[in-house]
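Here are my notes for you, as numbered points. Keep the model open beside them and find each residue as you go.

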Amino acid sequence: MSSNTSTHPILGNLALGYAPMIDAQRQVLATRLTLMPLRPDARLPVAELKAAVNEAWPTGTAVISVLNEALLAGLLADPPATHLMLEVPAFMAADHAQALLDLRKAGHTLLLKGRPLQPLAPELQACFKYQLLELDDDRQQALPPGPSKLLTGMRGAEAVDEAFKRGAAAVLGWSVSDEPFEAAPGATRSEVQADLQVIVQLMSQVDQGEDIDKLEATLKRDPSLAFKLLRYMNSAAFGLSVEVSSFRHAIMLLGMARLKRWLALLLTTASKDHALRPVMYGALRRGLLMEELAQSMDDREMRDEMFICGLFSLLDHMLKQPFARLLQSIPVPERVRQALVEGNGPYRPYLDLVRAIEAESGFDYRHAAEQLMLGAEEINHAVLRALAKAGQLE
């Protein structure tokens with residue numbers, strides 16, 4: 001992906017949403033980008049849409065879901081690059097049979113969304129790698145043999161587990177609930193995982209202003225952590241003009257304030273639990289998107305805090321502790337604590353907008369944007385930049 005998005009006026013007429021495509025091993029295979037017109041009469045040029053999408057994803061797999069029949073028909077006739085999968089509603093398949101056959105021949109990957117009213121001709125059905133169904137629909141009537149089953153319409157680990165038990169090759173959706181974590185009655189208190197303890201200790205030391213020698217001594221307890229920290233800092237997304245060669249060098253270049261940000265990033269991406277991969281995917285994009293939404297702010301500190309707020313917003317589910325307890329041991333700025341523990345403060349409306357984008361809900365998107373007085377074009381450029389940066393960091 002590219003992080004340098006140009007101005008594309010079509011983005012002012014759409015609400016964008018995104019969600020991960022996850023396999024049974026909880027690897028994220030792709031990102032689905034959903035494009036929802038904000039007005040039915042809006043002018044939506046196909047060429048502009050292609051330019052925006054191709055620029056955001058010059059490489060890397062994505063599923064493009066367009067909730068507008070005319071715009072999707074235009075993309076079927078003039079498709080984006082072959083690494084971008086196209087989602088095609090079942091009711092449109094027969095009417096665009098030749099275009100779909102041509103796309104398959106040209107190497108495009110297609111997803112059939114829903115059940116056709118009449119069975120598709122075998123050669124047309126063979127155009128589709130996946131058939132996408134809502135989990136509730138699949139509960140009522142399992143799919144006949146055909147393309148691999150891709151299930152959506154779920155949120156939370158239990159629903160994702162059910163989808164794979166029902167024979168899904170992959171799911172589109174989120175493996176974590178958006179409700180705050182609550183321990184089950186009678187559950188014993190969980191501690192921060194051992195492989196994350198070093199990061200929590202470093203964050204506390206940085207917060208207390210301890211000297212570099214003490215920080216280095218702590219970091220040496222986990223050499224793989226030091227390697228990962230340096231890899232992040234030398235990534236294209238970080239944008240440093242010189243290579244960072246040591247932890248001490250990193251601190252000299254960054255200063256303590258920005259070091260806090262990257263320790264926070266490590267805390268949400270360093271877990272060795274494979275089941276948490278989709279959660280880490282979501283946390284990283286939340287942090288980067290909230291930071292991108294804050295770009296118009298003059299205060300660098302607020303932008304860094306917005307990043308940490310989004311990044312930590314799923315930490316309760318990752319570490320199995322409610323925020324009120326969790327943030328007693330992990331230092332966070334007061335405005336971040338307000339958003340995560342109390343559900344208020346200046347950052348909470350931005351978090352609500354990010355959740356609306358994840359839910360691919362045009363109604364909630366509009367409401368959250370109005371609360372913040374942000375335009376769709378500004379928000380959507382932020383979404384594309386955040387998704388691009390996340391791809392670079394991963």
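1. Let's start with salt bridges: there are 26 of them, counting a side-chain nitrogen of Lys or Arg within 4 Å of a carboxyl oxygen of Asp or Glu. Bear in mind that this is a predicted model, where local features need pLDDT of at least 70 and side-chain atom pairs count only at pLDDT 80 or more, while totals for chains, interfaces and linings use all residues. Residues are numbered from 1 along each chain as its sequence is written, and side-chain values use heavy atoms, with hydrogens and water left out.

2. Take a look at Arg-26 and Asp-161, whose side chains meet in a salt bridge at 2.4 Å, N to O. The two sit 135 residues apart: Asp-161 is in helix 7 (residues 157-165), and Arg-26 is in the loop between strand 1 (14-23) and strand 2 (28-37). Helices (H or I, at least four residues) and strands (E, at least two) are DSSP runs, numbered from the N terminus. Buried means under 20% relative accessible area, exposed over 50%, and partly exposed in between (1.4 Å probe, protein chains only). Arg-26 has 15% relative accessibility, so it counts as buried. Asp-161 has a relative accessible area of 32%, so it is partly exposed.

3. Now find Arg-32. One of its salt bridges is with Glu-87, with the closest N and O atoms 3.3 Å apart. Glu-87 lies in strand 4 (residues 84-89) and Arg-32 in strand 2, so this pair ties together parts that are 55 residues apart in sequence. Arg-32 also forms a salt bridge with Glu-360, the closest N and O atoms being 2.8 Å apart. Through shared partners, Arg-32, Glu-87, Lys-113 and Glu-360 are joined into one network of salt bridges.

4. Which residues have the most contacts inside the largest nonpolar core? They are Ile-64, Leu-100 and Phe-312, in a core of 119 residues. Helix 11 gives the most to this core, with 11 residues. A nonpolar core here is a set of buried Ala, Val, Leu, Ile, Met, Phe, Trp, Tyr and Cys residues joined through side-chain atoms within 4.5 Å. Leaving out residues up to four places away in sequence, Ile-64 touches (heavy atoms within 4.5 Å) several residues, including Leu-33, Val-53, Leu-84 and Glu-87. There is also a second, separate core of 12 residues, with Leu-133, Leu-151, Ala-159 and Val-160 among them.

5. Is Glu-291 buried or exposed? With a relative accessible area of 5%, Glu-291 is buried. You'll find Glu-291 in helix 12 (residues 277-293). Its side chain makes a polar contact with that of Arg-300 at 3.3 Å. A polar contact is a pair of N or O atoms within 3.5 Å; within protein, one must be able to donate a hydrogen and the other to accept it, and residues adjacent in sequence count only if both atoms are side-chain atoms.

6. Finish with helix 16 (residues 334-342), whose buried residues are Val-336, Gln-338, Ala-339 and Leu-340. Their cover includes helix 13 (300-312), helix 15 (323-329) and helix 17.
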